[in-house]
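Grab a pencil and work through these exercises with the model open beside you. Each task comes with its solution.

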Amino acid sequence: MGCITHRLYGSFLDNNLWQSVRHTAIFWQLVAVAVIVAGGMWLFGNILDNLANRGIASGFSFLKSTAGFGISTSLIDFTEASSIGRAFWVGLLNTLMVSAISVVLATILGFAVGIARFSNNWLLARLAMGFVETLRNIPLLLQIFFWYFAVLRSLPGPRQSYDIAGLAYLNYRGFYIPKLEFFDGSGWSVVGIVILAVAAFCLRRHRVVPRISVVLAVLILVFLLVSASVSVPALKGFNFTGGSVLSPEFVALVIALSSYTAAFIAEIVRAGIQSVPRGQIEAADALALSAKDRMRFVVIPQALRVIVPLLTNQYLNLTKNSSLAAAIAFPDLVSVFAGTALNITGQAIEIIGITMAVYLTISLLIAFAMNAFNRSTAMRGLSTG
Amino acid sequence: MSWVRENLFSSWGNTLTSCFIGFVLAWALVPFVDWAVISADWGGSKRTDCNSGGACWVYVIQRFDQFMYGFYPVSERWRVDVVGILLVVALTLFFWPRVSARLALLCWALALFFCWFLLTGGVLALPYVETRLWGGMMLTVVLTVGGLVLAFPVAILLALGRRSSLPLVRISCTAFIELWRGVPLITVLFMASVMLPLFLPDGAGVDKLLRALIGVSLFAGAYLAEVIRGGLQAILRGQYEAAAALGLGYWKTMTYVIMPQALRHVIPGLLNTIIALFKDTTLVLIIGMFDFLGIIQASLNDQEWLGLAAEGYVFAALIYWSICYSLSRLSIKVEQHSGVHRV
């Protein structure tokens, strides 16, 4: 009742009525708070009763107890003797790894498809449209199942693996790829490579030293050659040795997540490009820019202002969708923590609470980072346009 | 001919691209069409009837009823058919220009109650059918429609609350919306299936389907609230002022002036949310329910029909795709239509 009258008449109503409007506002807020608090207390009371009745422990001490289960894919050391708290970190790191890799792939693929929809090659434009319309109208879970059960799980065994240029092998046990193996004591050269790479990225458009990034790239290569060797997988007996293996669950998840999200990103890119005024394109043509330069220097920078905020949503969705890993038993956060650990400890409230809190934090962090990036692109657009 | 030259072979690069894509398409599509249509098996009733090396559609044909109705008793399946027809009729009410919104809503409410009683049974001469037996496409539709219907009132209140001038109401609504939008649906479903029984008084056991519905509608409600908020923001200030000049209070202003306009603005957004929800209902298979995808997935492990994953998934994809694609076309149509006539 309060808000409209308040907003419209608040300034010129006589004092008495103004007081009563304000009191109504306070009254309704108090009612809302009372309802929320009462509901919360009722739920909380029920929880305490139920936990006591069922003899379920509460508190977070379960995080220190022994896990007693193994995890197939892990970025940090994990054995059955490790704690459940450590299993949580394994799951979280796997979620972040899958999301990060898929975000990069989805962005590249999405931009490529989105731009391809404007190709003057009819076949290419139609293909891009078919890609978008097919993938975004089929549930992601079905796509994950398709890649996992119908494609990767029905590949031949190690001896009949698909051979990719003698470097990588694909069979039903996974995707065997070459691995960079650093020699002992080459930690400093890794640091050096990272510093050089960062420098190359920062100086890539340096005007005083035009080819600085090429020089740095050569330096990185030299560092790599002296400090590391490449281990290529090779068939020994019934399985491959050397290299590293990506599990079929991981490959299926990354393919499905990145292609599904790419379809949505492609639509966003298309909308962004269409939002660039026609005059800009005509101006670029008047300057005799080639089609490629027109896209790169005129259209894309302006389209980014529309694209970036929408892209944030897609990255958030992708991260949340990575939780579908639970359906094919890839050990992500939901699968390891809200699945296996929950079954062992039975402490549903703590575990689901932590899991939701983690996703909420990730969502807020990504939103925050992308907003910062958004501000920078928006500013750049303003200063040049 | 000139079209071909202009659109496929206008330059060297273009010609090369066309040839490459043509080659890849031929390489991928020809074997697929051969597998799916030309050398596929259509007739028969057993796994052994599939011996041509193509797709074994016999399996899909044999299992079709189960994919649609789940484990719903065969003698009672007419009830599901009636409900399906009723839903389609109720849906057309919204596109019928002569029917007022209030009448349409009333019809919907009645139809939904009727559907629920018809599906569960236990009244009159209808035998009771446990929700445990519901499955297949029927469960998918129940989850989508039920989730939406439960979510809609919540979403309207949340959207209004988020735009309220009362800070406490605004903050709590914003927090509630952002909480559900920030977490994956699967954790919401886990919460609904594992945690919800702990939240309720002892003995108030809630049916598994109802728990899933509550989870889905909380999740969908938060997204719908944001869509509706977009519509509210598009309403000009003059509308509020005109309503105030007529002496309408807050709720009357919202019910008769603001909401009817706001909802009309966001029909395409609503349809997109429905499409997303329809696809997302597949997640209930992770908490052990047999929706359309769930029942296909389960049937792939049947000893008599092993090794037919590709057929099952292609069939599921085809059905999901045709429904989602037609809904998205409808959304585009409505958008164009409202752009011309209703502003």
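**Exercise 1.** Find the domains of chain B and say how far apart their C-alpha centres lie.

*Solution.* Chain B splits into domain 1 (1-38) and domain 2 (45-72 + 129-341), with bounds from an automatic or database domain assignment. The C-alpha centres of these two domains of chain B are 39 Å apart.

A quick note on the source: this is a predicted model, where local features need pLDDT of at least 70 and side-chain atom pairs count only at pLDDT 80 or more, while totals for chains, interfaces and linings use all residues. Residues are numbered from 1 along each chain as its sequence is written, and chains are lettered from A and ligands numbered from 1 in the order in which they are written.

**Exercise 2.** Work out which strands pair with E3(A), and in what sense.

*Solution.* Strands here are DSSP E runs of at least two residues, numbered from the N terminus, and two strands pair if DSSP finds at least two bridges between them.

- Step 1: Strand E2 (residues 168-171) of chain A pairs antiparallel with strand E3 (residues 174-177) of chain A, over three bridges.
- Step 2: A hairpin of two residues links E2(A) to E3(A), and Asn171(A) has Gly174(A) in E3(A) as its bridge partner.
- Step 3: E3(A) is also joined by three bridges to strand E8 (residues 244-246) of chain A, again running antiparallel.
- Step 4: For Phe175(A), the bridge partner in E8(A) is Leu246(A).

Technical notes
Helix = DSSP H or I, 4+ residues; strand = E, 2+ residues; numbered from the N terminus.
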